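Visitor: I have a sequence and a set of coordinates to go through. Could you take me over them, one question at a time?

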Amino acid sequence: MKTASVKELKDELKYKDEKELMEIVLRLSRFKKENKELLTYLLFEAHHEDDYVDSVKANLDKQFLSVNTRNIYYAKKGIRKVLKDAKKFIRYSGNKETEVAILIHFCKLLQDFQPYYSQSKVLRDICTRQIVLIKVRISTLHEDLQYDFEQELNMIDY
């Protein structure tokens with residue numbers, strides 16, 4: 001089966017009535033957890049971006065506490081999983097301010113992840129890459145937001 005392009009899907013959805021659209025969305029939400037998470041964001045959390053950022057930060061805090069610290073290999077693997085989830089939540093929002101706030105929080109948590117952060121070059125490199133990405137995203141924001149986020153970023157040792 002050939003997958004249709006976004007334009008083709010958009011054109012086809014124009015011909016559907018409200019009931020058919022609701023059935024399509026509900027059926028789509030049954031197949032993948034990410035589809036359901038995105039739908040949850042769009043319906044319930046998109047209007048309250050600050051609350052969404054706070055809930056994602058709380059989720060990241062919880063995930064950092066559950067990282068396996070018995071072995072540095074498992075710790076690195078757990079940190080990569082946390083970063084992957086953070087990127088997924090950022091992708092749902094699509095807002096650059098949200099992205100910067102979540103990534104800064106991730107870097108703060110990563111640097112507080114002792115003793116592994118100071119011992120592992122891999123973890124320091126992950127943090128460095130995220131800081132470079134944060135700087136790029138900050139440069140696209142409004143001047144007032146740039147100043148606020150740069151102040152937060154300067155609090156991180158890199």
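**Questions on the model**

Guide: This is a predicted model. A place to start is Glu37, which lies in helix H3, residues 33-45.

Visitor: Is Glu37 buried or exposed?

Guide: The cut-off for buried is under 20% relative accessible area. Glu37 has a relative accessible area of 18%, so by that cut-off Glu37 counts as buried.

Visitor: Which residues is Glu37 in contact with, leaving aside its neighbours within four places in sequence?

Guide: Contact here requires heavy atoms within 4.5 Å. With the neighbours within four places set aside, the contacts of Glu37 are Lys88 and Tyr92.

Visitor: How many helices and how many strands does the protein have?

Guide: Read along the sequence, the pattern is α-α-α-α-α-α-α-α-α. The secondary structure therefore comes to 9 helices and 0 strands.

Visitor: Why is the protein described as more spread out than a compact globule?

Guide: For 158 residues the globule rule gives 15 Å. The C-alpha trace spans about 55 × 40 × 30 Å along its principal axes.

Visitor: What share of the contacts between residues at least 6 apart in sequence joins residues at least 24 apart?

Guide: The count takes in contacts between residues at least 6 apart in sequence. Of these, the share that joins residues at least 24 apart is 62%.

Visitor: What percentage of the residues is buried?

Guide: The protein has 158 residues, and it exposes about 11100 Å², with carbon and sulfur atoms supplying 55% of that area. Buried residues make up 33%.

Visitor: How far apart are the mean positions of the positive and negative charges?

Guide: The protein carries 29 positive and 26 negative charges.

Visitor: What kind of aromatic pair do Tyr73 and Tyr74 form?

Guide: A search of the whole structure finds 5 aromatic pairs. In the pair of Tyr73 and Tyr74, the rings are 5.3 Å apart centre to centre, with 70° between the planes. Tyr73 is partly exposed at 47% relative accessible area, and Tyr74 is partly exposed at 42%. Planes over 60 degrees apart count as edge-to-face, so the pair is edge-to-face.

Visitor: Which residues do ring pairs link into a cluster?

Guide: Ring centres must lie within 6.5 Å to pair. The residues that such pairs link into a cluster are Phe64, Phe106 and Phe113.

Definitions and conventions. Residues numbered from 1 in each chain as written. Predicted model: local features only at pLDDT ≥ 70, side-chain atom pairs only at ≥ 80, totals over all residues. Heavy atoms only, no water. Helix = DSSP H or I, 4+ residues; strand = E, 2+ residues; numbered from the N terminus. Rg over C-alpha atoms; globule rule 2.2 N^0.38 Å. Buried < 20%, exposed > 50% of the residue type's maximum accessible area, 1.4 Å probe, protein only. Areas by Shrake-Rupley, 256 points an atom, 1.4 Å probe, with all protein chains shown as cover. Lys, Arg positive; Asp, Glu negative; His and termini not counted. Charge placed at Lys NZ, Arg CZ, Asp CG, Glu CD. Phe/Tyr/Trp six-rings, centres within 6.5 Å; stacked < 30°, edge-to-face > 60°.
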